[in-house]
Amino acid sequence: MASTPPSFSPSRTTCASLLRQLQMIWDEIGESDTDRDNMLLQLEQECLDIYHKKVEETRKHKADLFKWLADAESEVTNIASSLGDSVMFSRGKGTLKQQLANIRPALEELRSKKDERLKEFLKIKSQISQICAEIAGCGQSKGVTDQDVDQCDLTMKKLGELISHLDELQNEKMLRLQKVKSHIRTISELSEVMSIDFSKTLNDIHPSLSDSSNGASLSISNDTLASLTGAIHSLKQEKQQRLQKIQELAKFLVELWDLMEMPIDEQKAFSHVTRLISASVDEVSIPGCLSADVIKQVEVEVQRLNVLKASKMKEIVFKRQNELEEIYRGVHMDVDSESARKILTRLIESGNIDMSELLQNMDDQIRKAKEQALSRRDILDRVEKWKFAAEEEKWLDEYEKDENRYSAVRGAHKNLKRAEKARILVSKIQSMVENLTAKVKAWEVDKGITFLYEKVPLLQSLDEYNVQRQLREEEKRKSREQKRLTEQHAVEQEAMFGSRSATKKPLSQSTHANTIVGTPTGRRMHTPSGRYGTSGAKDRRENNRGNIITVNYVALPKDDSVSRGN
């Protein structure tokens, strides 16, 4: 057997040595050459199988390297596409391992970039998911995983869209928070006005609204906002109803106060209620002013006053009757007080009439009486002037009948002045009566009723006065004519028989004559009809004289006796 060349590897040398050892063992055993050849062929075949297997494994490894290289190239392309990056990449030349060494750094860089981008997507998607959960009222959102992100589209454009969507949701959340806080403030104000448990109202809507001290954010869900809106609507309706109720009670309270003339001190205790009578819903903001306790307090007071009203109503009704009678008496209208009081007493004692309605009816009568009195005022003023002028006329008649009116007695100069003023006033009586008659007729046409003065139609009194005045004027004319004839007869007698000696009384002898004859010096006089004496006091009459004096100073012509006296 040839010796092994020294250039063989140790493994070859080892195989040769093993073969020699096998030959030696076969020799010792005594194996035949045929068996030896078969065993060598078998051994050679086993070696070939091992080589074949190794070649196949190596070939498969080469294919895996090709596949890995292709996958790496594909992954680079896919990652770059998903990131929206344009990557110019070449694996170069050389062995497969060299090519893999060239592509591996670029792939690792793209993978790292993709991971960072994916984290950004997950962060934004997580925030979006949380806000959406808060808006939906789901509390905490479920965690966002890689499967919730479309990893084929991790471009900056897609990231920008998510960021814009997040900004919109954050703005929506901010607006909802502002709306929730505004609703909470409104509920707080309404609850304070009506003394309603604010915390319980909020807790019934959502626990986070009444207790935000534990760090929990306020609920901004659609349900919460709808519940807050509904609660505000209910509270506003409740406020409106309570305000209407307390306004009705307050008005009734004021009516009872006015009805029974309650002292101001007692009314002050409910001033916080009465000031709400004309207030609108939006103007009512005082804490507790519409509470159930306040309403109950007013209800109790109204009930108390109603009980008190029943006992004082008779007194109030007759007080109204007195007021009505005073109005009628003040304008000289006829009123049957005794009959009216009997009717009122019978109605009250029967208990079959609503006292409030009765008082309202009497108030209406008082109002109408005041209106009627106002409409009569101008005519009554003219009546007073006419009556005064008639008194002065009568006084002047009596004064002019006094032959000693020019005597030098005490107070004579005052009577002279009064007579001058009386003549001026008497000269206007005719126009006074005509104007007054026209006024009364116009009033009666307008009102459709007769103008009564002291139970007598005023036009009738004026007509009677005119008739009596004409009779007095006729009597005066006849008296003057008779006096003229008497004086004429005396002159004729004197011419026929001569003058008679007559001694005139000294002026001093007539000092007491004025008092004896009864010259009027300002005592109260009545009109010729006997029904129209003045009802005013002396000082009022003097004031009326002054007012009348200033009008139309036109004097009547004096009769002959007066002229001769002057």
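Contact here means heavy atoms within 4.5 Å. With that in hand, let's walk through this predicted model, starting from a single side chain and moving out to the helices around it.

Leaving aside residues up to four places away in sequence, arginine 242 touches Met194, Ile196, Leu290, Ser291, Ala292 and Ile295. Is this arginine buried or exposed? Its relative accessibility is 14%, and buried means under 20%, so arginine 242 counts as buried.

Arg242 also belongs to the contact between α7 and α4, where Met194 is among the α4 residues taking part. Helix α4 spans residues 156-194 and α7 spans residues 222-260; their axes come within 10 Å and cross at roughly 25°. Angles under 35 degrees count as roughly parallel, and α4 and α7 are therefore roughly parallel to each other. The contact includes Val180, Ile187 and Leu190 from α4, and Leu228, Ile232 and Leu235 from α7. Sorted by class, this contact has 10 nonpolar, 5 polar and 6 charged residues. The crossing of α4 past α7 is left-handed.

Now follow the chain on to helices α12 (residues 355-401) and α13 (residues 412-426), whose axes come within 9 Å and cross at roughly 125°. That angle makes α12 oblique to α13. Here, too, the crossing is left-handed. Among the residues making the contact are Phe388, Trp395, Leu396 and Tyr399 of α12, together with Leu416, Ala419, Ala422 and Val426 of α13. By class, the contact of α12 with α13 has 10 nonpolar, 1 polar and 5 charged residues.

Definitions and conventions. Residues numbered from 1 in each chain as written. Predicted model: local features only at pLDDT ≥ 70, side-chain atom pairs only at ≥ 80, totals over all residues. Heavy atoms only, no water. Axes fitted to C-alpha atoms, helices over the stretch in contact; angles between N-to-C directions. Helix = DSSP H or I, 4+ residues; strand = E, 2+ residues; numbered from the N terminus. Parallel < 35°, antiparallel > 145°, perpendicular 65-115°, else oblique. Left-handed = near helix turned anticlockwise from the far one by under 90°. Nonpolar A, V, L, I, M, F, W, Y, C, P; charged D, E, K, R; others polar. Buried < 20%, exposed > 50% of the residue type's maximum accessible area, 1.4 Å probe, protein only.
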